[in-house]
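This report goes through one structural model, section by section. Please keep the sequence and the coordinates open while reading.

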Amino acid sequence: MELTGAEIVVRCLAEEGVEFVFGYPGGAVLNIYDEVFKQDKFKHVLVRHEQAAVHAADGYARATGRTGVALVTSGPGATNAVTGIATAYMDSIPLVVISGQVPTAVIGMDAFQEVDMVGITRPCVKHNFLVKDVKDIAETLKKAFYIASTGRPGPVVVDIPKDVTQLKTEFAYPKKVTMRSYNPVIKGHTGQIKRAAQMILEAKRPMIYTGGGVVLSNAAEELTRFTRLLGFPLTSTLMGLGGYPGSDPQFTGMLGMHGTYEANMAMQHCDVLIAIGARFDDRVIGNPEHFFQEGRRIIHIDIDPASIAKRVKVDVPIVGNVKDVLAEMTKLILASKETPDPAALKTWWTQIELWRSRDCMKYDRNSDLIKPQYVVEKMHEVTRGEAYVTSDVGQHQMWAAQYYKFDQPRRWINSGGLGTMGFGLPAAMGVQFAHPDAAVACITGEGSIQMNIQELATCKQFNLPLKIILLNNRYLGMVRQWQEFFYGNRYAESYMDALPDFAKLAESYGHVGMKIEKPEDVEGALKEAFGPELKERLVFMNFITDRTENVCPMIPAGKGLSEMILV
Amino acid sequence: MRHIISLLMENEAGALSRVAGLFSARGYNIESLTVAPTEDETLSRMTIVTRGSDDVIEQITKQLNKLIDVVKVVDLSEAGHLERELMLVKVRAEGELREEMKRMSDIFRGRIVDVTEKTYIIELTGPGHKLDAFLEALDKGAILETVRTGASGIGRGDRILKI
């Protein structure tokens with residue numbers, strides 16, 4: 001039987017087992033929406049802005065490991081989605097974004113709501129397609145899901161002109177797709193893995209450095225086994241948190257610009273560095289020239305060959321899926337019956353404990369003002385460390401990463417690469433759809449939350465019981481911090497004036513609003529919000545925090561890991 | 001260092017802009033880029049001349065390989081290869097110049113492919129430096145117009161770029 005292009009789109013999504021489509025209708029996608037209306041295979045979530053549709057699909061993908069799907073119309077619908085797409089691209093999140101396009105006959109005519117979506121998104125997608133023939137829809141969507149979810153994952157845009165959704169053709173969804181130009185490597189090179197294992201066994205001052213790749217490849221179990229077997233210290237990037245239990249003593253904390261003293265020092269002074277699914281980016285190692293250390297050897301495991309030797313030269317590159325490579329390496333080490341020099345490892349740990357004793361994460365616990373760190377610590381306590389936590393971007397993001405000890409992967413969801421303010425709330429919606437019974441919190445700032453605050457309406461419509469933790473310091477805090485440190489206290493445009501009454505605002509959307517101004521009220525408020533009585537409600541907690549608190553420690557941009565500003 | 005990179009890619013709309021976009025987005029330099037379909041019309045072959053340190057060239061080849069439409073990438077300058085470029089030069093061909101231009105064209109093994117009372121068009125192929133040398137050798141005032149294709153390259157002997 002012949003189906004229209006729109007019917008085919010919907011059938012393909014059902015065939016892929018899609019549960020949720022986050023979207024916003026418009027002229028160019030009316031045919032598709034008509035078919036969405038007629039089906040019951042997946043649920044459509046109407047957001048209030050296309051950026052939020054993509055962030056919600058992204059949050060869903062990060063929390064589940066499955067491919068998120070967003071549907072937007074042409075022109076402004078498509079351009080609004082671009083920030084979300086770029087966010088997913090920088091953090092390697094699998095998404096399929098379907099955008100409507102003006103009819104093929106008027107493409108290039110500056111038609112109403114026309115933009116060159118394929119052109120605009122080219123630099124921020126893993127791949128994109130313009131489907132010009134109804135016969136190509138099914139195969140293109142199959143390819144889109146395949147490309148998005150395999151290798152180093154990423155967003156794929158499929159742009160479909162309106163007339164293509166109207167025309168009819170026979171429908172058959174391909175079972176499998178193979179592409180001669182795209183064959184990601186999964187298994188690591190055995191010889192290289194052997195070399196790495198040997199180097200690991202000979203290490204005197206080893207350090208494991210993990211990133212988002214561990215989470216993306218579902219390798220937390222393999223990583224934990226590998227790390228415990230060797231007894232090595234481990235650090236993680238912002239994106240890798242939860243890949244190894246954050247409360248484990250072998251975990252030295254997050255590294256990088258706002259990482260711990262012990263993690264950064266161990267990173268700099270180790271003799272064998274094992275980088276796993278991480279990419280040595282500027283917020284992690286600072287300046288590559290300062291990072292260079294004579295005599296230190298580097299093993300780098302990553303599925304993307306282009307991430308290896310991009311910023312830092314390595315001694316043993318291993319291209320492959322982190323999960324498979326770690327399993328093979330652990331097997332080799334076990335089979336060798338050898339262990340790294342225990343005396344050397346003990347000396348190394350003594351040194352690390354000495355660095356750790358600097359207690360770089362301490363803050364004033366006797367303040368009359370609410371310290372943002374305290375709120376996150378209390379929240380960790382109240383949620384027993386089991387919540388899914390999304391964040392926006394800025395100081396609150398760093399405090400969330402530093403003080404919420406993530407013991408499991410896919411619990412910490414934030415925009416690491418692009419640093420997108422406005423990510424937290426819509427991403428939390430996606431997480432809550434994926435895990436309807438779980439506690440989902442969004443830690444945010446008064447700057448960030450206002451960038452997608454309209455989504456409180458979506459939360460009401462779909463009864464999403466999110467807990468919004470607003471650390472309100474009446475400043476664009478991270479900007480203010482840089483201005484304090486590096487711009488002579490000239491706070492150019494970094495204050496937040498004319499703020500709404502957030503509790504009332506939340507109430508007007510039909511949610512529960514709270515305002516917390518004293519440290520002694522923090523715990524009670526959190527217990528109430530996460531407690532059984534408000535389990536079904538969205539609670540918006542406006543914590544009025546110390547205005548001038550800074551994120552410490554800090555490595556100034558362009559400096560090296562051993563040049564930290566401590567408290 | 002100058003490198004000449006050759007690649008096979010799916011002959012699809014937008015494939016060229018993915019490569020060109022990659023170079024501009026990542027700040028790589030392109031000296032020339034040529035592209036045309038191969039005998040297998042589903043594939044295009046592209047030759048890119050670029051400059052960069054070994055690290056940059058390594059990144060360029062990796063990033064090119066990462067493009068979904070790209071099937072194969074080879075750095076021809078790693079071993080024996082040939083490169084050729086085509087140039088068409090329109091020159092003044094009046095009076096004394098008429099003989100002179102004919103002679104210069106012969107010396108450089110060019111061919112005169114268009115003749116008018118006042119002008120010649122000379123066709124010349126060869127490595128880029130030969131074309132440069134020809135232009136150097138001509139009287140600047142006599143050159144009316146030039147057009148060059150950019151280099152196409154191929155590996156010598158057993159080095160074959162095919163899928």
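## Backbone exceptions

F280(A) counts as buried because its relative accessibility is 2%, and under 20% is buried. This is a predicted model. F280(A) sits in the loop that runs from strand 12 (272-276) to helix 12 (282-285) of chain A, and its phi is near 50 degrees, a positive value in a residue other than glycine. Most residues other than glycine have a negative phi, and most peptide bonds are trans.

N489(A), also not a glycine, has a positive phi of about 60 degrees. Its loop lies between helix 20 (477-486) and helix 21 (502-508) of chain A. With a relative accessibility of 44%, N489(A) counts as partly exposed. A cis peptide bond leads from C552(A) to P553(A), with omega near -5 degrees; P553(A) belongs to the segment after strand 20 (539-544) of chain A.

## The parallel sheet

An open sheet of chain A is formed by six strands in the order 16-15-17-18-20-19, with parallel pairing. Its edges are strand 16 (412-413) and strand 19 (512-516) of chain A, each of which pairs on one side only.

Strand 15 of chain A is joined to strand 17 of chain A by four bridges, and S391(A) stands opposite I443(A) in strand 17. Strand 15 also pairs with strand 16 of chain A, in the parallel sense and over two bridges; here V389(A) has W412(A) as its bridge partner. Strand 17 (residues 440-444) and strand 18 (residues 467-472) of chain A pair over four bridges, again in the parallel sense, and T444(A) has L470(A) in strand 18 as its partner.

In a regular strand the side chains alternate between the two faces of the sheet. In strand 15 (residues 388-391) of chain A, Y388(A) and T390(A) point one way, V389(A) and S391(A) point the other way, and all are buried.

In soluble globular proteins, nonpolar side chains tend to be buried together. The largest nonpolar core here has 96 residues, and those with the most contacts inside it are I276(A), I299(A), M329(A), I469(A) and F543(A). Helix 8 (residues 190-201) of chain A contributes the most to this core, with six residues. A second, separate core has 53 residues, including A56(A), A57(A), V72(A) and C442(A).

Which residues does I469(A) touch, not counting those up to four places away in sequence? They are V375(A), M379(A), A441(A), C442(A), I443(A), T444(A), L526(A), F530(A), M541(A) and F543(A).

Helix 10 (residues 220-230) of chain A has as its buried residues A220(A), E222(A), L223(A), T224(A), F226(A), T227(A) and L230(A). Just after helix 10, G231(A) takes a positive phi of about 70 degrees.

## Aromatic rings

Over all chains there are 19 aromatic pairs. In one of them, F406(A) and W412(A), the ring centres are 5.3 Å apart and the planes stand at 35 degrees, so the pair is tilted. Both F406(A) and W412(A) are buried. W482(A) and F486(A) form an edge-to-face pair, because their planes are at 75 degrees, with ring centres 5.5 Å apart. W482(A) and F486(A) are four residues apart in helix 20 of chain A, about one turn of the helix. W482(A) is partly exposed, with a relative accessible area of 23%, and F486(A) is partly exposed at 34%.

Ring pairs also link F20(A), F22(A), Y60(A), F433(A) and F462(A) into a cluster. Y475(A) has R480(A) over its face, 5.4 Å from the ring centre. The charged end of R547(A) also sits over the ring of Y475(A), at 4.2 Å from its centre.

## Contact between the chains

How many residues of chain A are in contact with chain B? There are 18, in contact with 19 residues of chain B. The area buried between chain A and chain B is about 1500 Å², and carbon and sulfur atoms give 45% of it. R122(A), R180(A) and S181(A) supply 41% of the area that chain A buries against chain B, more than any other three residues.

Definitions and conventions:
Residues numbered from 1 in each chain as written. Chains lettered and ligands numbered in written order. Predicted model: local features only at pLDDT ≥ 70, side-chain atom pairs only at ≥ 80, totals over all residues. Heavy atoms only, no water. Core = buried A, V, L, I, M, F, W, Y, C linked by side-chain atoms within 4.5 Å. Buried < 20%, exposed > 50% of the residue type's maximum accessible area, 1.4 Å probe, protein only. Contact = heavy atoms within 4.5 Å. Phe/Tyr/Trp six-rings, centres within 6.5 Å; stacked < 30°, edge-to-face > 60°. Lys NZ or Arg CZ within 6 Å of the ring centre and 35° of its normal. Pairing = 2+ DSSP bridges. Buried area = accessible area lost by both parts, 1.4 Å probe.
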